[in-house]
Amino acid sequence: LTGGRRGEDLYSTRYSALIGPPGSGKTALLEHLAFDGEVHVQFPAILYANLNGASSPLPALHQWLALLEKPLAGLDEAKRILCRELERKPTLLLLDDLPDARFVPDLLVGGGGSQVVLVCARNVATEANVPPAATFLHEGWDEPMACRYLESVWGRSLAAEERTWAGQINELVDGLSLAWTLLAPWLRRPESWAEIRAALAAAPLTVLNRSHDRLWTSLNLAYERLLPPAQDLFRAMGVLAPGAPFDLEALVAILGLPPAEVRWRLDALEMAAFLRDAPSASGQSHYQMHHLLHHLARELAGSDPLHQ
């Protein structure tokens, strides 16, 4: 992406795909690309869309039209407007959780020299005739990487005993980065290590879906440690569009609570790594939630009569 374009690359569109299990860091890499200074030098326009659960490309096109302050339109007209705006701009299109290879042609809105990076299942990449640029391996983080992550989050070195515990827990979460992101805030307390390790070890596993089971156990462990008002907010966020940024006002409208009450609940979720800051053209605070956390919120809300 940063090596420059020459020859036929000036006119053609290049494709690559990122393949791997849930929580292995594919979305994190896309976000890194979206804000990398060297990438920005090569691509004057960078468009990101999370297509998890989408039944058509239209929500992504509408999201991009809104960024360009253009009126929303139907599929063909939306693509025409975007192509007109971007026809002279090499564009980096970051398509997260692409569910269907047939979406790709309708999402190609950049000029010559554009690059498309897909996060998708291997069969979707094959159907789209896109070679994998990187395969995120099942093993995920090793023990030293997990220890370095904890040290960066906590701002201190780990003691020898903590490194031993980290290695044991890393094995139980299959080295999945999202599991570590959610568990790290709770592992600051030494008394939590044994409790979390025991809960992970006791989780039922299926032979073919070990990583999935470990990850969902980690998500639920982190959720159970939230204060009840923060849990209420998290479940309510299941009604939001998957992957779409949202702000304080949207949640105030959903919950009907005072902004100050919603604000401290948001802060609690952000401190527990359930939310992350999202870029906003207006400069106001916007948030995003990982699509797996959104799925958990919807699942929890579905079993809660109040949120039904």
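## Report on a predicted chain

The accessible surface of the chain comes to about 15100 Å² (Shrake-Rupley method, 1.4 Å probe; for residues, only the protein chains shown count as cover). Carbon and sulfur atoms account for 55% of that surface.

This is a predicted model: local features need pLDDT of at least 70, side-chain atom pairs count only at pLDDT 80 or more, and totals for chains, interfaces and linings use all residues. Residues are numbered from 1 along each chain as its sequence is written, and side-chain values use heavy atoms, with hydrogens and water left out.

Of the 308 residues, 47% are buried (under 20% relative accessible area; exposed is over 50%, partly exposed in between; 1.4 Å probe, protein chains only). Take contacts (heavy atoms within 4.5 Å) between residues at least 6 apart in sequence: 66% join residues at least 24 apart.

| Residue | Relative accessible area | Class |
|---|---|---|
| Serine 16 | 12% | buried |
| Cysteine 83 | 26% | partly exposed |
| Cysteine 147 | 1% | buried |

Serine 16 lies in strand E1, residues 14-19. Its side chain makes a polar contact of 3.4 Å with the side chain of glutamine 115. Such a contact is a pair of N or O atoms within 3.5 Å; within protein, one must be able to donate a hydrogen and the other to accept it, and residues adjacent in sequence count only if both atoms are side-chain atoms.

How many disulfides are there? The count is 0, taking a disulfide as a pair of cysteine sulfur atoms within 2.5 Å.

Definitions and conventions: Helices (H or I, at least four residues) and strands (E, at least two) are DSSP runs, numbered from the N terminus.
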